[in-house]
Each structure stands twice: as structure tokens, then as C-alpha cells.
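Colleague: Please go through this structure with me and give the rule behind each label.

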Amino acid sequence: MAVALIVAAGSGERLGASRPKAFVTLAGKPMVQWSVEAMRAAPSVGEIVVALPQGEAAPEGTVGVPGGSVRSASVRAALHAAGPDAHVVVHDAARPLVTPDLVARTVAALDDADGAIAAAPVPDTIKEAGPDRLVSATLSRDRLWAIQTPQAFRRDALERALDVDDETLAAATDDAWLVERSGGRVRVIESTPRNLKVTTSADLRVAEMLLADRC
């Protein structure tokens with residue numbers, strides 16, 4: 001079995017909401033509730049721990065912990081509060097369209113890897129440019145993936161990866177990077193752009209429409 005850690009501590013300033021992003025109403029529910037329900041429906045998940053912003057209560061049936069000052073600090077705090085499951089699923093509450101199937105596929109991939117990360121193939125042409133905005137390279141799309149959550153890890157690999165100083169935690173854009181830098185093997189699990197991250201009010205409207213189609 002796996003424990004799911006849902007990161008919901010972000011302020012969501014770019015969303016322009018009056019409360020933390022994960023608790024903004026989306027299709028009739030707090031945004032975080034969509035992720036909680038997906039985790040509950042995943043047969044490999046037995047416990048859910050939510051890293052919370054100040055002043056917010058944990059969703060019913062979950063364990064709540066105060067979030068950290070940066071994302072990976074929130075993950076570390078949630079992991080400390082979790083039970084002893086051998087596998088860990090980390091998911092951002094800002095991705096409310098996650099499905100139980102995607103969760104299950106990431107956990108299943110841990111049979112031969114230390115981590116497994118949901119990702120969508122990059123459809124656009126990607127160019128690299130320096131501070132002067134002059135193009136220095138055009139990258140091959142065949143090897144590029146847009147990384148999402150959920151991300152699943154063997155617990156010992158994640159604990160080892162998170163055992164770093166605060167500066168390294170702050171530099172981490174995802175937990176897979178921390179596992180990679182500690183020598184872990186991370187596998188990509190194909191997802192779709194529908195598993196979008198809600199950052200702006202436009203994203204919120206798109207997510208609302210996609211969830212309406214699902215209901």
C-alpha cells in the first residue's frame with residue numbers, strides 16, 4: 001500500500017483569490033477535495049496526509065499537517081506525519097483532474113524504479129535562449145516531457161532525498177529532482193495535458209469545464 005501526500009499549502013496569489021488556492025471552490029467543492037477523492041478511489045492508497053496553509057482544516061478522513069515555507073518542505077512535513085507504508089504518492093492539490101488510474105500506474109511503476117512521475121509529451125517546439133534572448137539551441141521534442149503530479153516514490157528513496165538543507169529544498173521544483181540528485185532511478189509515466197495545474201483564473205475556468213464533462 002501507499003500513503004498519499006497532498007500538497008495544498010500554496011497561497012495561490014496568481015489566482016487572485018481571497019483564500020488559499022487549494023480551498024477555492026471548483027465545480028462545487030474545495031479544489032483540494034477533487035484530489036482527495038481521486039486518492040481515495042485509487043486501490044493502492046491507504047492513507048492521505050494533506051499539507052495545509054495556515055487557518056485551513058484538513059478534508060474529512062485525512063490527516064492534516066502545517067505546510068512548510070517551500071513545496072518540498074511541505075512534502076517532508078507530511079511524510080513525517082504519515083504511516084509506515086513502503087510507497088509514497090506526492091500530489092499537488094492544484095491538479096484537480098488527477099485520476100485514480102494515473103495514481104495506480106505511477107505506484108505500479110515502482111517495481112523497477114525508485115520514483116515514477118506523471119508527464120505529458122511536449123507538443124511544442126522548444127528553443128533554448130540565454131539572457132540576451134538569442135536562440136542557442138532547438139531541443140528535440142522526442143525526449144522532452146512536461147512533468148506533472150502524481151509522483152510516486154519508494155519511501156526510503158524519498159526520505160533520503162528530502163534529508164537535505166533548506167537551500168536545496170527551496171531549489172527543488174519537484175521531488176523527483178531531489179530523488180534524481182541522490183542517485184535514484186525515476187521513470188516517466190505518460191499522462192495528458194488534461195491533468196492541468198490551476199495557476200490563473202483562466203486555468204480555473206478550464207478545469208471547471210473539464211470536471212463538468214467528467215460528472
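Colleague: Why is Val188 called partly exposed?

Modeller: Val188 has a relative accessibility of 33%. Buried means under 20% relative accessible area, exposed means over 50%, and partly exposed lies in between, with a 1.4 Å probe and protein chains only as cover. Val188 therefore counts as partly exposed. This is a predicted model, in which local features need pLDDT of at least 70 and side-chain atom pairs count only at pLDDT 80 or more, while totals for chains, interfaces and linings use all residues. Residues are numbered from 1 along each chain as its sequence is written, and side-chain values use heavy atoms, with hydrogens and water left out.

Colleague: Where is Val188 placed?

Modeller: Val188 belongs to strand 11, residues 186–190. Strands (E, at least two residues) and helices (H or I, at least four) are DSSP runs, numbered from the N terminus.

Colleague: What makes strand 1 mostly covered?

Modeller: Six of the six residues in strand 1 (residues 2–7) are buried. Ala2, Ala4 and Ile6 lie on one side, and Val3, Leu5 and Val7 on the other. In a regular strand the side chains alternate between the two faces of the sheet.

Colleague: How do you know that strand 1 pairs with strand 4?

Modeller: Two strands pair if DSSP finds at least two bridges between them. Strand 1 and strand 4 (residues 45–52) run parallel and are joined by six bridges. Ile6, for example, has Val50 as its bridge partner in strand 4. Strand 1 also pairs with strand 6 (residues 87–92), in the parallel sense, over six bridges; there Val3 stands opposite Val88.

Colleague: Why is the contact of Arg71 and Asp92 called a salt bridge?

Modeller: A salt bridge is a side-chain nitrogen of Lys or Arg within 4 Å of a carboxyl oxygen of Asp or Glu. For Arg71 and Asp92 the distance is 2.8 Å, N to O. Arg71 lies in helix 2 and Asp92 in strand 6, so the pair ties together parts that are 21 residues apart in sequence. Asp92 has 11% relative accessibility and therefore counts as buried.

Colleague: What other partner does Arg71 have in a salt bridge?

Modeller: Asp175, with the closest N and O atoms 2.6 Å apart. Since Arg71 lies in helix 2 and Asp175 in helix 6 (residues 175–181), this pair ties together parts that are 104 residues apart in sequence. Arg71 and Asp175 are buried. Through shared partners, Arg71, Asp92 and Asp175 form one network of salt bridges.
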